Amino acid sequence: MNAQFKSTILQDFRKTAANPVNVSLQEWKKSGRKIIGCMYHYIPEEIITAAGMLPYRMKAVGSKGTELSESCFTQINCGFVRHLFDSGVRGELGFIDGLVSVNNCDHIRRFYENWQKKIKTPYMHFMPFPKKSGREQAEVYRKELADFKNSLEKHFNVQITDTKLKKAIELHNETRRLQRELYELRKKKNPPITGADVHAVMVASSSMPKEKYNTMLTGLLEELYTGEGISDYSERIMVVGGELDDPKFIEVIESQGCLVVADSLGYGYRAIAEDVDTDIEPLTALAEYHVLKRPACPRIFGTTFNRNDFVRHIAEEFKVDGVISVRLPLCDEWSFEQVNLIGYLKKHGIPHLTLDIDYILSSTGQIKTRSQAFLETISGTKHGR
Amino acid sequence: MFVAGIDLGSATGKVVIMENDRVASTVVIRSTASPEKTAALAIEEAASKIGLKAVSDLEYIVGTGYGRSGVSFITENISEITCHAKGAHWLNPGIRTVIDVGGQDCKVISVNADGKVIEFAMNDKCAAGTGKFFEAMARTLDCSLDEFAALALRSGNPCSITKQCSVFAESEVITLINNGERQEDIAGGLIDSIVRRLLSMIYRVGAVPQVVLTGGCARNMALVKSLEVSLGIPVIRTKEDPQITGALGAALFAQAKALIQNK
Ligand code: SF4
């Protein structure tokens with residue numbers, strides 16, 4: 001199951017997603033411009049873009065171990081922060097000039113504190129993110145964003161005007177619009193691109209200058225519109241989860257004959273479903289986007305019903321036969337979410353499988369067996385096997 | 001028309017050859033380092049038992065188990081979860097819960113009246129609660145697997161063993177040996193600890209009677225008994241060796257596929 005592509009655009013996206021550093025990032029750096037590491041959702045990357053810098057979503061793809069993290073974390077910290085910290089200590093993320101984080105979970109807090117102590121990036125900023133979704137909370141977050149903007153301006157001696165912010169928002173909205181266009185193609189009976197490839201395209205957007213990314217994605221979309229669709233697949237699958245940045249895990253699922261056509265992932269549809277408002281004051285628009293507008297992850301209280309609806313809505317719209325939800329072991333946010341999802345999807349008759357996967361995929365036999373058995377179970381219902 | 005199912009597990013390779021809905025030949029051999037070689041050896045032995053010339057005499061071969069996807073002469077592969085459900089259902093259509101304890105993993109499968117999988121749970125990567133665990137513990141107690149089961153059956157007062165990781169459980173066992181605990185009670189304690197681990201998975205899927213234990217470890221009667229006590233329901237015994245249930249399911253799929261192919 002592989003669509004043929006004339007150009008090398010997709011390969012470039014794949015390469016970008018498979019490595020912590022990429023060519024465009026190096027070019028950016030060489031030209032003397034700055035890169036700010038982001039941890040991880042809910043960071044208003046547009047402010048960084050408006051400052052003339054590159055927002056880089058922190059990732060540790062290709063990490064080989066967590067030995068150097070062990071002394072700083074406890075046994076209950078998730079693999080994501082451990083691998084990331086390990087890469088940091090090894091200097092593999094040394095290209096970032098700053099790090100900005102929200103208190104997404106306690107694991108990230110610990111990560112931030114350890115980074116501050118041991119790795120010491122020249123610029124560091126922490127923004128408490130509201131626990132709840134509401135107007136009042138959006139107002140509080142707006143103040144945080146203003147603080148962040150001021151501190152960036154002060155530290156890097158730049159000016160972030162409203163005009164620059166508006167332009168940055170438009171640029172990022174354009175990325176989201178193009179990505180949604182990509183998702184539209186997956187609704188087809190024979191989508192022209194695999195789920196693993198879409199994931200690579202999505203992950204790549206987090207470590208490239210947006211202008212260049214948009215041009216490349218426009219090129220890819222042109223090819224996809226005229227390209228052939230994939231028909232040799234069995235079931236249509238949706239993947240749900242958090243900050244999974246390795247397209248390989250989708251590749252493993254798809255190796256069992258299905259096609260992943262939709263998702264609710266941190267790097268996926270949740271990040272692009274909505275645009276940031278361009279008609280109101282930029283910081284308010286950004287705060288409202290993150291606190292009120294975009295589909296939330298389980299970290300934010302009071303959003304479960306919306307999120308469940310969101311999953312069901314996408315499952316219907318993309319005509320999926322089943323949902324696979326993934327979680328990193330020890331991630332408490334997504335543990336609760338798994339329990340919620342199992343019950344919800346059962347109630348609505350949507351077949352569901354939960355998978356625990358490590359941040360760095362090593363042995364994939366278990367994932368394959370579970371996915372295969374799940375697909376057999378669905379096709380059993382579909383074709384009466 | 002002869003068809004075969006091959007279950008290539010981490011510890012053993014199993015083959016079932018069927019002819020017209022009847023089990024014609026079964027074989028269990030130890031796995032080699034290559035699934036291809038294990039499959040060839042096992043199928044050859046099973047075929048020669050009934051005077052067949054191996055692969056060429058078989059209409060359809062379905063593979064299952066962790067080595068299922070790498071064998072050249074397998075026509076199709078189906079996951080062990082689906083195969084265990086199918087095999088168990090054929091042996092006894094009343095079965096609703098299959099607990100498969102194999103060499104390196106264990107699964108709990110809930111099955112409907114047609115033998116189809118409704119839901120399943122599976123252990124994660126580590127080998128706790130599987131054949132590998134039993135092998136390691138038998139080694140620590142310096143006995144064979146059969147002796148280990150026999151010891152456990154004689155235990156009147158099983159020790160409490162909390163560690164389920166093979167490495168940590170081993171040091172717990174060594175402490176118990178040094179404390180002068182009886183071998184029987186240590187073995188009994190180990191069996192109970194595994195059953196507790198299985199229970200957490202069983203409760204996720206539900207233990208709807210009738211319940212059957214499949215896989216190599218199902219031959220361990222101490223495990224069967226302890227499970228029955230914990231669940232408070234009987235674990236049924238099947239007429240075929242529980243270890244071949246997966247291969248049997250694969251053979252049943254092979255039979256159905258061959259029929260469609262020959263239509
Ligand atoms: S994976 Fe879960 S525990 Fe780890 S950083 Fe993300 S939300 Fe926190």
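User: Where in chain B does B:Q210 lie?
Analyst: This is a predicted model, and in it B:Q210 lies in the loop between α6 and β9 (211–214) of chain B. The peptide bond that joins B:P209 and B:Q210 is cis, with an omega of about 5 degrees.

User: OK, and how do helix α6 and helix α7 of chain B pack, what angle and what distance?
Analyst: Two packed helices are described by the angle between their axes and the distance between the axes. For α6 (residues 183–205) and α7 (residues 221–231) of chain B, the angle is about 55 degrees and the axes are 10 Å apart. That angle makes α6(B) oblique to α7(B), and the crossing of this pair is right-handed.

User: Which residues of α6(B) and α7(B) meet there?
Analyst: From α6(B) the contact includes B:I191, B:I194, B:V195 and B:L198, and from α7(B) it includes B:L223, B:L227 and B:L231. The residues of this contact between α6(B) and α7(B) divide into 11 nonpolar, two polar and one charged.

User: Now α3 and α5 of chain B: at what angle do their axes cross?
Analyst: The axes of α3 (residues 131–140) and α5 (residues 166–178) of chain B cross at roughly 25 degrees and come within 10 Å. Because of that angle, α3(B) is described as roughly parallel to α5(B). The crossing of α3(B) and α5(B) is right-handed.

User: And which residues meet between α3(B) and α5(B)?
Analyst: B:F133, B:M137 and B:T140 in α3(B) meet residues of α5(B), among them B:A169, B:E170, B:V173 and B:I177. Sorted by type, the residues of the contact of α3(B) with α5(B) are six nonpolar, two polar and one charged.

User: Switching to cysteines, how many disulfides are there over all chains?
Analyst: A search of the whole structure finds zero disulfides. A disulfide is a covalent bond between the sulfur atoms of two cysteines.

User: Is B:C159 buried or exposed, and what about A:C331?
Analyst: B:C159 is buried, with a relative accessible area of 10%, and A:C331 also counts as buried, at 15% relative accessibility.

User: Let's go to chain A. Where is A:T369, and what does A:T369 touch?
Analyst: A:T369 lies in helix α15 (residues 365–383) of chain A. Not counting residues up to four places away in sequence, A:T369 touches B:R68, B:S79, B:E80, B:I81 and B:M122. With a relative accessible area of 4%, A:T369 is buried.

User: What about A:L171, what is in contact with A:L171?
Analyst: A:L171 lies in helix α7 of chain A and, leaving aside its neighbours within four places in sequence, is in contact with A:T49, A:K210, A:E211 and A:N214. A:L171 and A:T49 are 122 residues apart along the chain, yet their C-alpha atoms are separated by 9.1 Å. A:L171 is buried, because its relative accessible area of 18% falls under the 20% cut-off.

User: How do the axes of α7(A) and α12 of chain A cross?
Analyst: They come within 9 Å and cross at roughly 35 degrees, where α12 of chain A covers residues 282–293. Among the residues that meet are A:L165 and A:I169 in α7(A), and A:L283 and A:L286 in α12(A). This contact of α7(A) with α12(A) divides into six nonpolar, no polar and three charged residues.

User: Are A:K120 and A:N157 buried or exposed?
Analyst: A:K120 counts as exposed at 57% relative accessibility, and A:N157 is exposed with a relative accessible area of 70%.

Key
Residues numbered from 1 in each chain as written. Chains lettered and ligands numbered in written order. Predicted model: local features only at pLDDT ≥ 70, side-chain atom pairs only at ≥ 80, totals over all residues. Heavy atoms only, no water. Axes fitted to C-alpha atoms, helices over the stretch in contact; angles between N-to-C directions. Helix = DSSP H or I, 4+ residues; strand = E, 2+ residues; numbered from the N terminus. Parallel < 35°, antiparallel > 145°, perpendicular 65-115°, else oblique. Left-handed = near helix turned anticlockwise from the far one by under 90°. Contact = heavy atoms within 4.5 Å. Nonpolar A, V, L, I, M, F, W, Y, C, P; charged D, E, K, R; others polar. Buried < 20%, exposed > 50% of the residue type's maximum accessible area, 1.4 Å probe, protein only. Disulfide = S-S within 2.5 Å.
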